[in-house]
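Have the viewer open as you read.

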Amino acid sequence: MSLCEFKPGLEGIPAAESSISYVDGQQGILEYRGIRIEELAEKSTFLETSYLLIWGKLPNQQELAEFEHEVRYHRRIKYRIRDMMKSFPESGHPMDALQASAAALGLFYSRRDLDNPIYIRDAVVRLLATIPTMVAAFQLMRKGNDPVRPRDDLDYAANFLYMLSEKEPDPLSARILDVCLTLHAEHTMNASTFSARVTASTLTDPYAVVASAVGTLGGTLHGGANEEVIGMLEEIGSVENVRPYLDERLQRKAKIMGFGHRVYKVKDPRATILQNLVEQLFEKFGHDKYYDIALEMEQVVSEKLGHKGIYPNVDFYSGLVYGKLGIPTDLFTPIFAIARVAGWLAHWKEQLAENRIFRPSQVYKGLHKEAYIPIEQR
Ligand code: ACO
């Protein structure tokens, strides 16, 4: 490949050297810092995994206890941020509310001391601790209620579910959400991570880094796909309608949401883990026809598109899990963001360690030597 060859979407072009996560798209392998995602989903927690991603090693007992303690006691958001969020329109998308709120943190913590490990640690803790609080606060405030104070005695995922519903969740629901966060915490050089690294490379503050990544995650081709999946399952409505629905969409070359991936050409390993969680949830809280529709879709899509390497991605089953946990559909992508903050922060730190500002080139295809036409002659 010549250096000047243009690749739409930068497909296959390395944008960084990284040791945070690894994907083998042919074999369906995902590792965080060399550890398989299946093992982390089973044995770790979201906060321990965040530590692993950000500091590059599993914490020992004391390190984990201190980290968990710090995150737990930084969950409250400033009254002024809460008041600012109160003035957001109720009809606004929670991802937009989250992007604005994350950026606003930078106004309150504007000291930019990027060479200081204490500053880095404070920013990591503050972002991991307050992003769930901000998501939950907007959810309650848009319904006209006051936000619920975080509970220091609850673990990370349990506290988030509590802040959404004011009810202490059962341990299975909290554990399943925690696993979902682990599964979504990091995924190599995707669009939002690239966005985070570009922003980080200018040496701006970490709140701007996360805010720019949240904005990028919101699109339907990236994090927003899980919302679309639920809409699609509802539209299909029954197992019998799956085949005609897919035939009609594929005929007009429309994409099937929750399927396909730039890197995975087999089933996304996170989709397999999530499918197992869906089954556990449905066993405990009752069956749901949408799961049957989803299974049929997986079968028919693999029959029709398997030759192109199109299989379920992480978004296909995550929506079913969140729906069963009683989470409103438009919070699915903000929950993805809560998880991915860990990965973005790991990339922020890695970018700072060997920084060079991103400044790619372009292939200019416009005009030259054009005359300026006075407005009255146009
Ligand atoms: N449904 C139907 N056909 C598909 C799908 C799909 N979901 N995804 C890819 N294809 C087909 C394309 O039409 C194309 O066919 P062709 O070669 O005959 O033209 C071929 O597979 C290659 O597809 P591309 O669009 O070139 O693949 P790309 O790597 O650019 O796209 C993407 C990846 C954007 C994820 C795509 O699969 C898609 O739009 N999926 C649906 C949206 C989605 O689920 N996004 C979430 C991704 S996971 C995440 O971001 C966390």
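## Where the ligand sits

Which pocket does the space taken by the ligand correspond to? Looking at this predicted model, the answer is the largest pocket.

There are 19 residues around the ligand, and the ones that come nearest are I256, G258, F259, R262 and K308. Sorted by class, that shell is made up of 10 nonpolar, five polar and four charged residues.

## Polar contacts and burial

A backbone N or O atom of I256 is 2.7 Å from a nitrogen atom of the ligand, and for F259 a backbone N or O atom is 2.8 Å from a ligand nitrogen. H222 brings in its side chain instead: one of its polar atoms lies 3.0 Å from an oxygen atom of the ligand.

As for cover, the ligand taken alone exposes 920 Å², and the protein buries 71% of that.

## A look at S212

Now over to S212, which you'll find in helix 10, spanning residues 206–217. A polar atom of the S212 side chain lies 3.1 Å from the backbone oxygen of V209.

What does S212 touch, leaving aside residues up to four places away in sequence? Its contacts there are Q99, S195, A196 and T199.

Notes:
Residues numbered from 1 in each chain as written. Predicted model: local features only at pLDDT ≥ 70, side-chain atom pairs only at ≥ 80, totals over all residues. Heavy atoms only, no water. Near = heavy atom within 4 Å. Polar contact = N/O pair within 3.5 Å; in protein donor to acceptor, adjacent residues only side chain to side chain. Areas by Shrake-Rupley, 256 points an atom, 1.4 Å probe, with all protein chains shown as cover. 1 Å grid on protein atoms, 1.4 Å probe; cavity = no way out; pocket = protein on both sides within 12 Å on 5 of 7 lines; lining within 4 Å. Sits in = over half its atoms within 2 Å of the grid points. Nonpolar A, V, L, I, M, F, W, Y, C, P; charged D, E, K, R; others polar. Helix = DSSP H or I, 4+ residues; strand = E, 2+ residues; numbered from the N terminus. Contact = heavy atoms within 4.5 Å.
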